[in-house]
Amino acid sequence: MAWRTRKDGRATRRPAQRRSAAKPALVPRRVVVTAGPTREAIDPVRYLSNESSGRMGFAIAEAAARAGHRVTLIAGPVALPTPKGVRRVAVVTALEMLRATLRAFRESDALFMAAAVSDWRPARRLSGKWREKDKGSPAANLPLVRNPDILATCGHDRSRPGKLVVGFALETSGGIPRAKRKLETKGADFIVLNDERALNSPRASALILGGDGTVRRLTDRTKAEIAGVLIGLLGRP
Ligand code: CTP
């Protein structure tokens, strides 16, 4: 038992949980986690983005590092602090996130693709401000082009065998069949299905759908609890 002496000279027992929190994983893995939104510039002062807080991805990175894994966190623009022991790569756009993720995925054992990647980006980034308003029309069109699907790119990568790939889905309705389709189209081993109440919230409910047909339901949990369950997937062959 560990003891220390307080200023008043009385001995106290050292909290036991401090030691168990740092318990190393049996098999340390190289884990890549993406988190947060991407921003797609329209002009020097405007962009397309979304409401992702980044909390789920940061919680996964933290849980993985605490378990003793080597973690690279590829994060879009969010103000969250980098979890202890995690290597953070800051990105802004989907194309930057794609490049950083592919580089890290090559050297990794697992990918948790928790980022809310913008599906579209403006076809071109204007060098000056977008002046559509000056034309006096009540409507405007902004040409968009599709961003690459980072999860699908990694999921179907030829260097994939043996690497765990976990994707996320946020659905407002008809979630399960759409998430099941994503398992196949994106080549993921698991899809974590959330609803929009998870956005910007410290708690969430989630369904973890496996490519092997398994379904695990997590109801009203903290994101740290959900992260702990997801890190448990690393133990699976
Ligand atoms: N994803 C990605 N690259 C994209 C778009 C999405 O890697 N260009 C990943 C996300 O990180 C997430 C999963 O794919 O893991 C989400 O899939 P997506 O098809 O975007 O679904 P939703 O965000 O749930 O919503 P929607 O189908 O309405 O786009």
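I call a residue buried if 20 or more other C-beta atoms lie within 10 Å of its own, exposed if 12 or fewer do, and partly exposed in between, with C-beta atoms placed from the backbone. This is a predicted model, in which I require pLDDT of at least 70 for local features and 80 or more for side-chain atom pairs, while totals for chains, interfaces and linings use all residues. Residues are numbered from 1 along each chain as its sequence is written.

**Entry 1: overall**

I took helices (H or I, at least four residues) and strands (E, at least two) as DSSP runs numbered from the N terminus, and I found six helices and 14 strands in the protein. Of its 237 residues, 35% are buried. I count two residues as in contact if their C-beta atoms, placed from the backbone, lie within 7 Å; among contacts between residues at least 6 apart in sequence, 61% join residues at least 24 apart.

**Entry 2: T34 and I74**

I looked up T34 in strand β3 and found that T34 is buried, with 33 other C-beta atoms within 10 Å. Leaving out residues up to four places away in sequence, T34 touches G57, I74, M97, T101, M113, A114 and A115. I then turned to I74, which lies in strand β6 and is buried, with 30 other C-beta atoms within 10 Å. I74 and T34 are 40 residues apart in sequence, yet their C-alpha atoms are 4.6 Å apart in space. With the same exclusion of residues up to four places away, the contacts of I74 include V89, V91, M97, A100, T101 and A104.

**Entry 3: helix α3**

I checked helix α3 (residues 94–106), whose 13 residues reach 18 Å from first C-alpha to last, close to the 18 Å expected at 1.5 Å a residue; the expected span is 1.5 Å times one less than the number of residues. The buried residues of α3 are A94, M97, L98, T101, A104 and F105. They cover an arc of only 145° around the axis, which puts them on the same side of α3, the arc being that of the directions from the helix axis to the C-beta atoms. Among the elements that cover these buried residues I noted β3 (30–35), β6 (70–75) and α4 (150–155).

Just after α2, G68 takes a positive phi of about 100°. I define a nonpolar core as a set of buried Ala, Val, Leu, Ile, Met, Phe, Trp, Tyr and Cys residues joined through C-beta atoms within 7 Å. The largest such core has 56 residues, and those with the most contacts inside it are V33, I60, A64, V166 and I191. Helix α2 (residues 55–66) gives the largest share of this core, eight residues.
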